[in-house]
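Open the structure in your viewer and keep the selection tool at hand. This tour goes one stop at a time.

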Amino acid sequence: MTTFIVPKDIFHGLGSLENLKNLEGTKAVIVTGGSSVRKNGALEKTRTFLTEAGITPAVFSGVEADPSIETVLKGAAFFTEEQPDIIVGLGGCSAIDAAKAMWVYYEYPDSKLEELAAPFGVKKMRNKATFVAIPSTSGTGTEITGLSVITDTDKGVKYPLVSHELTPDVAIIDGELCASMPKSVTANTGLDALSHGVEAYVSNIADRYNDPLAKESINLVFKNLARAVAEPGDLETRQAMHDASCLAGMAFTNVWLGIVHAMSHQVGGTFGVAHGCGNAILMPNVIRFNAKVTDKYGDLAALLGKSTAEEFAREVAGLTASVGVAGSFKECGIDEEKWNAKLDSMTEHALKDPCTLFNPRKPTFDEIKAIYQACYDGTAIVF
Ligand SMILES: NC(=O)c1ccc[n+]([C@@H]2O[C@H](COP(=O)([O-])OP(=O)(O)OC[C@H]3O[C@@H](n4cnc5c(N)ncnc54)[C@H](O)[C@@H]3O)[C@@H](O)[C@H]2O)c1
Ligand SMILES: [Zn+2]
């Protein structure tokens, strides 16, 4: 027995931001990042549609990339002043994740980050407000997931808050908001979405509810990512990538991820490699490693007119190169001595990362280390 949990309302399609006009409530706080949603007009439209719905909007802006607990506490204090009954996370995943955590502190002001990050750490939400997520990047799927990643800057630790209580009530998937994304953000976030689809599809708790969503997200990324990077203003392509990210989010929030994410989290935290780029570098060798215990990569290869896991691994590497993303950690500019110095601790932490539990093949320390090393050198690993 298991469950399938996603937001109650998912509005999708070009122009779907307009659905904000039909929300019910009295006061909203819109949480945004830097200036991108101001510049591309999404913030103004959001305010206008909320006002048309009879909801008074206030704005908390300035959430940084990889949001910090300080920003979360500032936002929660702003919520306490404004007393919203609707929280709107608008922008990249950083803004939406920060808004989710601010929402928790608004509902439970005495929360402690470490406790929230523990299993069942997030208590029952929606005592004061509901949550609307409007992404402007097509990658993490946070508009769908019960996940928020917050950084404790003093400790230098990224805490994932994981609970279906954090699954937004409403998600709006409007590709128009993404047209202003810079090429590198489009490429990295799109490869992140691909990795969500691939890892969810082979998860050891994958099921027939999530498989079709994961598969279609992968199909959409292969058909659209290169064009989204080359033609940023092509809105149909932007919508297809936004849908891909959302479908992948629906799959992975229910069946989790695997060692691509477990390993990428460490490289991101240690060397600052962009999340999607790290995932893309790791994916081909993790596919080779996992292919010994699952034949599901053959289904994914078939989407591309191929048949084997090895061919699928090469297609992933080919797509990564075609959108201008590095093919190895060495190519990312990581110094070899620094890499060698961190290799064992990254391997240990990757083994302990919760995503490792859902990988189809249980890895040993030496296997993770060998995958890391091959991905640093840019070589194909043989198992
Ligand atoms: N919640 C989850 O499910 C989940 C999963 C994986 C990673 N994460 C976290 O998500 C964060 C990364 O999120 P992200 O990849 O969406 O990037 P981001 O939100 O940090 O945004 C990246 C950059 O792109 C800009 N930007 C965003 N949308 C834009 C647009 N439409 N036009 C122009 N510029 C735009 C932002 O201002 C920022 O400078 C990290 O903190 C990571 O740890 C969360
Ligand atoms: Zn990811």
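What spacing do the donors of the zinc ion (ligand 2) follow along the chain? The pattern is D-x3-H-x64-H-x13-H. Keep in mind that this is a predicted model.

**Stop 1: the zinc ion.** Select ligand 2, then show its protein donors: Asp192 (OD), His196 (NE2), His261 (NE2) and His275 (NE2). They lie 2.1 to 2.2 Å from the zinc ion. Now look at the angles. The 4 donor atoms subtend 86 to 169° around the zinc ion, so the arrangement is irregular. A tetrahedral label would need all angles between 85 and 135 degrees.

**Stop 2: helix α6.** Select residues 183-202.

**Stop 3: helix α7.** Move to residues 211-230. At 1.5 Å a residue, the 20 residues of α7 should span 28 Å. The end C-alpha atoms are 29 Å apart, which agrees. Where is the kink in α7 centred? Select Asn224: the helix bends there by about 45°.

**Stop 4: around Asn224.** Stay on this residue of α7. Asn224 has a relative accessible area of 14%, so it counts as buried. Show its contacts beyond four places in sequence: Asn224 touches Thr237, Ala240 and Met241.

Note on methods. Residues are numbered from 1 along each chain as its sequence is written. Chains are lettered from A and ligands numbered from 1 in the order in which they are written. This is a predicted model: local features need pLDDT of at least 70, side-chain atom pairs count only at pLDDT 80 or more; totals for chains, interfaces and linings use all residues. Side-chain values use heavy atoms; hydrogens and water are left out. Helices (H or I, at least four residues) and strands (E, at least two) are DSSP runs, numbered from the N terminus. The expected span of a helix is 1.5 Å times one less than its number of residues. The bend at a residue is the angle between axes fitted to the seven residues ending there and the seven starting there. Donors are N, O and S atoms within 2.8 Å of the metal (3.2 Å for Na, K and Ca); water is not among the atoms, so sites may look incomplete. Four donors count as tetrahedral if all angles lie between 85 and 135 degrees; four count as square planar and six as octahedral if opposite donors are over 155 degrees apart and all others between 65 and 115; anything else is irregular. Buried means under 20% relative accessible area, exposed over 50%, partly exposed in between (1.4 Å probe, protein chains only). Contact means heavy atoms within 4.5 Å.
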